[in-house]
Amino acid sequence: MDATKVIGKTLVASPERAQEADADVEIVRLVQAGDVAAFDRLILKYRERVLGIVYHLTSNREDAADLTQDTFIKAFQSINRFGGQSSFFTWLYRIAVNTALSHLRKHRLRSFFSLEMMDTDQPVSREIIAALTDTSGAERDTYARELQEKLNEAMQKLSTKHRTVVTLFEIEGLSHQEIAEIMDSSVGTVRSRLHYAKQLLQAELQPYLRR
Amino acid sequence: MKSDRDKTTVTLEDLLRLKRAERPAPGFWPEFDRELRAKQLAALVVERPWWRTFPARAIAGVARYHLPMGASAILALTFLSVREYQTALTEAGLATPVLEFSTQPNLESAGGNVIEIASASDAAPDVRPVAAAAERSGLAIGEASAREEIRSVSAMAALIGGTEDSGATFRPPARSTSENFSAVQEIEALFGNRTLLAAASQGFESRVLPARQPVVDPLAQMKPPSDVRRARFMGTAFSTVASVKPVATRNSERLASRIADQRLYEAGVSRLGLGGDRLMVKF
């Protein structure tokens with residue numbers, strides 16, 4: 001699969017996403033009406049993405065699991081206050097980001113615990129890893145693991161605001177507008193932070209960049 | 001398009017896209033769902049505020065120690081009961097000598113000579129100047145001795161005058177020992193009888209001893225009219241000298257030493273008076 005197509009699919013707000021948002025609103029209405037079991041459908045739908053956001057912000061898999069659970073608990077407790085002004089996933093992402101940032105403020109110095117595995121079988125990952133190393137098999141997995149640690153270290157050198165912008169834009173594929181809504185800031189601020197963060201990451205990951 | 005570029009070109013966006021490929025371990029999600037379910041159920045239960053659960057917790061905590069607490073309560077109750085009982089016995093033991101002492105002086109006369117003694121409540125104001133002087137001079141007299149003195153004066157007044165001031169309250173201590181001795185000496189000098197003071201001193205010792213003697217009827221100790229005058233002045237000395245405790249006596253002596261002799265003389269004279277065939281002694 002072409003990498004650019006993947007990027008385009010994640011960055012551009014598609015009609016499918018609008019349909020998803022409508023479906024989310026329907027489920028939220030059910031939960032607000034007292035159907036607690038309906039909230040499980042929202043959990044199943046968004047748990048991986050929420051875990052991804054929290055994990056990329058914290059770079060700690062144990063904290064990420066706990067914070068993801070806390071995010072869904074907070075969403076469940078305050079779902080009656082969700083009025084539908086924004087999409088549900090934007091509202092849920094805001095809760096996740098605020099929960100993760102609050103956790104980072106309380107626990108500044110934490111060691112990194114990356115997720116157990118990197119899915120090197122994905123086409124994008126396979127292409128990138130293959131471009132970075134000529135090895136194969138176990139050596140390639142070891143190299144991917146090392147690269148994963150280096151990425152996390154570089155991310156943790158960013159400030160929380162810059163890390164959030166990079167995570168939401170580059171990894172989760174949200175638009176500037178959506179990031180601005182989640183972070184409660186302007187689009188220009190998001191662009192500025194993103195530019196500055198990428199400069200820092202470029203400097204940190206220079207040995208792994210091939211031009 | 002990356003496919004159109006060199007395969008070896010790796011950009012920052014490519015590296016960040018690698019992070020998207022990170023996945024948790026295979027057994028992660030079942031455990032995640034189980035923990036999330038537990039948290040969700042806990043969030044559904046509204047936690048009661050601590051002030052509602054505190055009484056139940058306090059009772060549960062105390063229930064573990066009910067046996068030692070009960071034993072302690074019984075011991076405390078027993079101790080208080082014994083203490084109250086001993087206090088009552090002590091008060092009863094103190095009251096008896098006062099009554100015995102009060103009957104000693106034979107102050108009533110069968111003849112026409114009658115000693116007019118005011119009741120305790122009437123006698124109390126006479127001692128106020130001395131007590132005030134004691135307070136001014138910084139010589140505090142014990143409260144217990146003052147109460148005992150009032151009690152003895154009241155009992156004596158009840159026996160002699162037939163009236164008892166049951167509502168007698170705490171007053172400052174009665175006249176000082178030195179003042180009373182001075183008054184007696186002046187009376188002795190006036191009447192030329194030097195044996196009064198010695199007799200009073202002997203009687204004082206016998207009365208201070210806490211001998212538990214039965215109460216004697218005052219009428220049985222009546223003396224002939226010839227001894228009325230002597231007994232009258234002895235009673236005056238007894239009522240004040242014997243009722244003052246040693247500590248109060250020392251304080252009163254120090255106080256009296258500071259009072260001018262002229263004042264003592266005037267005070268002693270002012271308490272004695274003659275009216276017809278009667279001798280007036282004020283307390």
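## Salt bridges

Across all chains, eight salt bridges are found in the whole structure. The structure is a predicted model.

One of these bridges pairs the side chains of Lys39(B) and Asp70(A), with an N to O distance of 3.3 Å. Lys39(B) sits in helix 2 (residues 28-44) of chain B and Asp70(A) in helix 4 (residues 61-77) of chain A, so this pair joins two chains. Lys39(B) is partly exposed, at 27% relative accessibility, and Asp70(A) is partly exposed too, at 26%.

## Bridges within one chain

In chain A, Glu204(A) and Lys157(A) form a salt bridge whose closest N and O atoms are 2.9 Å apart. Glu204(A) belongs to helix 10 (residues 187-204), while Lys157(A) lies in the loop between helix 7 (138-156) and helix 8 (160-171); the pair therefore ties together parts of chain A that are 47 residues apart in sequence. Glu204(A) is partly exposed, with 35% relative accessibility, whereas Lys157(A) is exposed, with a relative accessible area of 55%.

In chain B, a salt bridge links Glu31(B) to Arg34(B), and their closest N and O atoms are 2.4 Å apart. These two residues are three residues apart in helix 2 of chain B, so about one helical turn separates them. Glu31(B) counts as partly exposed at 35% relative accessibility; Arg34(B), at 51%, is exposed.

## A salt-bridge network

Salt bridges also link Glu170(A), Lys198(A) and Glu13(B) in a network. Side chains of opposite charge can pair when their charged atoms come close.

## A nonpolar surface patch

Val36(A), Leu41(B), Leu44(B) and Val45(B) make up a nonpolar patch on the surface, and together they have about 350 Å² of accessible area. Val36(A) is located in the loop between helix 2 (15-32) and helix 3 (38-58) of chain A. With a relative accessible area of 34%, Val36(A) is partly exposed.

## Aromatic residues

Over all chains, there are nine aromatic pairs. One aromatic cluster is formed by Tyr46(A), Phe82(A), Phe88(A) and Trp91(A).

## Chain B as a whole

Chain B contains 11 helices and three strands. Along the sequence, their order is α-β-α-α-α-α-α-α-α-α-α-α-β-β.

Chain B has 283 residues, of which 34% count as buried. Among contacts in chain B with a separation of 6 or more, 82% are between residues 24 or more positions apart.

Methods:
Residues are numbered from 1 along each chain as its sequence is written. Chains are lettered from A and ligands numbered from 1 in the order in which they are written. This is a predicted model: local features need pLDDT of at least 70, side-chain atom pairs count only at pLDDT 80 or more; totals for chains, interfaces and linings use all residues. Side-chain values use heavy atoms; hydrogens and water are left out. Rings of Phe, Tyr and Trp (its six-membered ring) pair if their centres lie within 6.5 Å; planes under 30 degrees apart count as stacked, over 60 as edge-to-face and the rest as tilted. Helices (H or I, at least four residues) and strands (E, at least two) are DSSP runs, numbered from the N terminus. Buried means under 20% relative accessible area, exposed over 50%, partly exposed in between (1.4 Å probe, protein chains only). Contact means heavy atoms within 4.5 Å. Patches are made of residues with over 30% relative accessible area and no salt bridge: like charges are joined within 9 Å, nonpolar side chains (Val, Leu, Ile, Met, Phe, Trp, Tyr) within 5 Å. Accessible areas come from the Shrake-Rupley method with a 1.4 Å probe; for residues, only the protein chains shown count as cover. A salt bridge is a side-chain nitrogen of Lys or Arg within 4 Å of a carboxyl oxygen of Asp or Glu.
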